[in-house]
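Have the chains in view as you read.

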Amino acid sequence: MNMLLVALAILGIGGLAALLIHRNPKFANGIGSGSAVFGSLLGLMAAILLLFSSPPSETIRLPWSVPYGTFYIEADALSAFFLIPIFLLTGLAALYGARYLWEPKNEKRIGSHWAFYNTLAVSMVMVVIARNAILFLISWEVMALASFFLVTMEDERESVQRAGWIYLVSTHLGTMVLFFFFILIGNQASSLDFDRFVIAGSQIHPQASLFFVLALIGFGSKAGILPLHIWLPEAHPAAPSHVSALMSGVMIKTGIYGIIRALTWLGPPTTGWALTLIVIGSISGVMGVLLALAQHDLKRLLAYHSVENIGIIFLGLGIGLLGQANDLPVLILLGYGGALLHTLNHAIFKGLLFLGAGSVLHGTGTLDIEHTGGLMKRMPWTGALFLVGAVAICGLPPLNGFVSEFMIFAGAFQGIQYLNALSTIPGIIAIVALAMIGGLAVACFTKAFGIIFLGKPRSSHAAEAHESKPAMLIPMIVLAGLCVVIGLAAPYTLTLLKPALNTLSTNVAPTDFVKLTNQIQFPLTYVVVLSALFAVLVALLFWLRKWSLSGKSIATTVTWDCGYAKPTARMQYTASSFAQPLMKLASGVVRLREHLVKPEGFFPSEGSYSSKSPDVVHEGFWTPTLKASEWFLLRFRWIQMGSIHLYILYIAITLFVLLIWKLQ
Amino acid sequence: MINDSSIILFFLSLLCAPILLSVINRTKAIFAGRTGQPILQVYFDLIKLMRKGTVYSQTTTWIFRIAPLISLAGVMTTLLLIPWGKIPAPFTFTGDFILVFYLLGIGRFFTVIAALDTGSSFEGMGASREVLFSAFTEPILFATLITLVRLTDEASLTNLFHGITPFLWTTSGAALILVAVIIFVILLTENSRIPVDDPNTHLELTMIHEVMVLDYSGPDFAFILYGASLKLWLFSALLAGIIVPIHTDNVLVDGSIFLLCMLAIAVAVGVVESLMARLRLVLVPRMLVGAGAIAAVCIYLTLK
Amino acid sequence: MIDLIFVLLILTGFVFLGSGRLQFSIRTLAVQGILLGLIPLWGSWEGLWVRMLSITTLSLLIKGFVLPYYLTRAMHKSKVMHEDHPFVGFTTSMVVGIVCLGVSFWLASRLPTLGGTQPQMAVAVSFFNVFVGLFVIMSRRKALTQVLGYLLLENGAYIFGVAFAIEVPLLVELGVLLDVFVAVFVMGIVIFHISKSFDHIDTDQLSSLVG
């Protein structure tokens with residue numbers, strides 16, 4: 001715990017220092033990013049130690065002058081587990097950002113940038129270890145504000161301003177619901193300390209469902225489930241790439257942490273809660289990936305994929321809840337285990353993908369997929385690393401995405417095996433949704449990777465791209481390495497998950513827990529063995545081909561073009577054409593706005609095609625609702641006319657009424 | 001669980017898989033009144049291709065060169081998990097069918113990006129359609145697995161097939177027939193058979209799988225061809241496992257019944273290919289949604 | 001075995017939802033008619049063999065051969081072979097069908113089990129046919145398809161009646177068949193009159209008659 005506090009101190013002081021010496025950009029950059037990297041390193045070590053420490057948790061509890069508040073922090077296994085991706089990504093993104101931001105136009109604001117960056121890191125850690133509602137909400141708010149300032153770093157662009165505004169409003173709406181939640185649950189517990197919130201006993205508390213819904217909305221808006229996700233595709237593209245990596249990889253996971261923590265307070269769940277989580281997860285997952293398919297801005301695409309992966313995490317949480325509601329320990333372990341592991345995995349590969357997107361932007365100057373192409377030849381490292389991230393996010397063996405999805409699948413299948421008719425419906429929905437998400441994710445990432453890195457360059461930007469500097473590549477290499485390692489060490493991930501799972505499955509007997517975790521290791525071990533055999537087979541085939549081709553001719557020529565004399569790079573498939581069949585089928589859900597100018601006449605003449613895909617939920621639900629509420633509230637504008645006399649009149653009337661009422 | 005004695009069956013599968021393709025071609029030839037290719041023609045083709053040199057396109061990168069290896073290795077690894085009817089597979093564990101379909105998935109991923117690597121619009125077209133159809137077939141396959149798991153109360157392929165007994169056929173025959181129909185339709189889709197795709201032509205009007213591999217030659221193309229035959233074997237084995245209800249404990253008898261069933265399935269595919277024409281491409285999603293509807297019916301049947 | 005018939009009835013319902021070719025739909029209706037005619041064979045008919053056989057034969061003949069014949073004649077006369085642009089696309093219709101099937105099964109499980117010789121699935125299948133029939137009427141343009149939808153609806157009601165026939169209410173059976181007869185003839189008259197007085201039998205255009 002002390003190491004953790006030291007790490008936080010380093011981050012804090014470094015940020016402050018960067019702000020103070022912001023007139024000297026070189027030092028500000030160095031101190032800001034350096035403190036972030038060193039603080040994260042220390043914090044990561046502290047987190048791992050805390051995860052495996054034998055006394056369950058370390059606590060610091062100090063009184064505070066704020067009413068109802070105590071400075072109560074604790075790092076139990078669940079918090080420690082969430083600290084790992086926080087510190088990992090903070091450090092790596094800082095290393096990346098130091099080189100990425102080093103451009104003339106950023107010199108004036110680099111000091112403040114690092115100040116906010118470190119503040120964001122500190123606040124995220126505080127959110128995860130706070131055990132008092134006031135402390136939690138303060139950290140939550142600081143996290144929101146710090147990320148807002150980071151997102152609007154390039155605020156000379158109008159799209160960035162708009163994105164920042166949408167983000168600010170959304171996060172505050174969510175925080176408002178959280179306030180309600182904490183007030184209600186604190187009322188019921190007569191204290192605002194988390195350890196008093198636990199609803200004891202095996203009876204379902206009458207208000208538990210209300211708490212559940214409030215927690216779902218409040219934390220879910222930060223996590224980014226449909227329909228509360230609309231800030232994600234605006235904020236993540238607007239932020240600088242390493243900040244997007246941090247936000248998408250880690251900040252939205254604090255929402256997941258909040259939901260899990262709230263679930264530990266709410267007592268025994270019902271199958272209805274599990275069904276709710278699974279339905280929300282399915283809709284977020286499928287809609288997220290369908291909307292991602294329609295995008296041709298790389299960062300918007302990745303942002304929608306975050307929505308999809310949060311959906312997958314919710315599916316895992318739903319399976320875990322199903323196990324708790326129906327007293328099936330294996331479901332609890334597989335469901336929660338898969339969800340937690342996917343949280344970590346997603347932080348790793350989403351961070352990798354966003355850093356890769358940053359490299360693409362840095363190298364070509366554009367994020368529009370339709371203007372890239374053939375980048376693999378000019379940016380081989382970025383290409384290969386992006387490929388690792390793409391394969392991982394599709395959940396394909398032998399990388400880490402497969403392990404967490406396997407656990408969720410296995411949990412759902414066990415659910416349909418052992419439960420009776422109506423309770424299998426959540427499991428069935430989860431399996432079908434997860435399978436569909438997998439197939440669509442492959443469609444989306446083959447599109448993204450293939451169009452950006454392969455084929456021929458579609459524009460001069462792409463033809464003159466340059467590779468990123470080593471400082472930007474090293475964090476990506478580390479993350480890609482982690483994808484491979486976690487994938488190949490699948491059974492050992494359970495040792496990482498066990499402490500956290502222990503805190504979540506308090507009603508499972510310890511002997512059962514040990515027995516079941518050992519049982520889960522068997523399939524995972526086989527998965528690893530078969531993945532290894534797969535790799536061996538690839539190598540064998542490689543040597544077979546090499547041996548077979550020795551002495552024979554290996555020629556190169558142009559791509560087969562059906563005899564057409566002059567194929568150009570513009571004749572390749574574009575991202576829109578690749579996704580078109582799926583978009584046509586899903587046109588009810590993805591409202592694609594297309595602008596088509598057909599060539600006229602008998603000989604080919606001018607033609608053009610462009611498409612925009614505004615967010616369906618944003619345009620169909622939020623904009624009309626908010627416009628309606630705006631219209632309604634404008635009716636009351638007359639109350640605040642700006643006249644001081646009127647305001648004094650209001651005060652006088654209130655005073656008058658209060659006096660009469662109290663003194664009668 | 002590792003069953004050492006089944007390793008030999010793994011190698012037998014690797015050896016025998018191309019015969020299914022030949023059987024299909026022979027059936028189609030007989031329907032057309034021709035004599036058709038020799039039964040071992042696919043082997044001759046593979047040997048011929050391995051003896052050639054190869055030509056690569058200048059636009060392609062190392063992805064293009066590695067994709068055939070990955071897709072072939074993927075399918076070969078899945079064969080380690082597929083039982084021979086009632087004879088257990090070399091590797092069996094809870095949830096092995098998930099790994100089977102995802103190994104096919106990684107092969108598909110690399111085939112698709114290799115197609116985009118060539119920078120040709122033909123291959124882009126094939127790639128686009130391939131991901132469209134796989135986005136449908138994945139959930140449908142998992143839906144049939146849900147049905148089978150609930151019917152047999154087992155969670156690994158070997159045990160699933162063991163659970164298909166004559167008793168199960170009499171009680172839930174309707175659901176099993178529908179599952180078999182769905183898997184047959186998926187077999188036709190995944191292996192680019194009529195009515196989804198025409199395996200004989202390489203024109204853009206009929207192509208999905210065939211066009212993605214347009215630029216491969218020599219040993220690469222041999223790997224792709226062999227991988228296609230292995231995939232056909234895999235899906236036929238899934239279908240055979242569900243259809244065959246008889247379980248003796250004699251390896252020879254079980255193995256022969258399985259092989260007979262596989263040949264029957266190949267003949268059935270040949271018959272379907274001869275009797276039907278290729279569907280218009282926009283109708284294929286409709287057919288797949290129809291298969292999905294049948295899968296939903298199966299699930300509802302098992303829910304009672 | 002009876003389960004197989006019910007499953008085939010569900011599948012024919014899906015064929016209606018997914019197919020745009022009228023000849024094919026009429027043939028499917030014929031298949032459904034034959035299946036429906038066979039259902040009474042599973043009832044308990046002690047000593048009423050003649051009655052059962054005659055009902056089975058009558059139903060088979062009328063639903064499986066006579067009705068489809070007249071429908072095909074109407075189709076050729078009005079020269080409408082395809083359902084081209086329905087209000088709801090075919091793929092979407094099938095997805096809606098899946099949802100309706102789920103709802104039918106759920107509704108069937110909520111009903112109290114009355115006495116009867118047929119299993120619970122019959123109720124679900126009858127609800128499903130009713131829903132599909134209504135959906136086809138609502139979402140298709142051509143008058144002929146709407147007649148088919150109506151017949152599907154009647155089939156659904158028939159299955160429900162058969163499922164709960166404890167004894168054989170011959171009157172009910174004949175009444176149902178008569179119902180169908182009248183419906184077909186009325187619709188036939190309507191189709192021919194529409195196709196004679198106007199240029200086509202697109203019911204969508206009927207709305208131009210209003211005000």
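Which residue of β1(B) does A:T557 stand opposite? The answer is B:S57. That pair belongs to a spot where β3(A) and strand β1 (residues 54–57) of chain B run parallel, joined by four bridges. Strands pair here if DSSP finds at least two bridges between them. Helices (H or I, at least four residues) and strands (E, at least two) are DSSP runs, numbered from the N terminus.

A quick word on the model: it is predicted, so local features need pLDDT of at least 70 and side-chain atom pairs count only at pLDDT 80 or more, while totals for chains, interfaces and linings use all residues. Residues are numbered from 1 along each chain as its sequence is written, and chains are lettered from A in the order in which they are written.

Chain A puts in 68 residues and chain B 66. On the side of chain A, α17(A) gives the most, with 15 residues. Of the two pairs of chains in contact, A and B share the most contacts. Chains A and C, on the other hand, do not touch, and their nearest C-alpha atoms are 9 Å apart.

What about chain A itself? It has 24 helices and five strands. Its C-alpha trace spans about 105 × 70 × 55 Å along the principal axes. Residues 24 or more positions apart account for 80% of its contacts with a separation of 6 or more.

How values were computed: Two residues are in contact if their C-beta atoms, placed from the backbone, lie within 7 Å.
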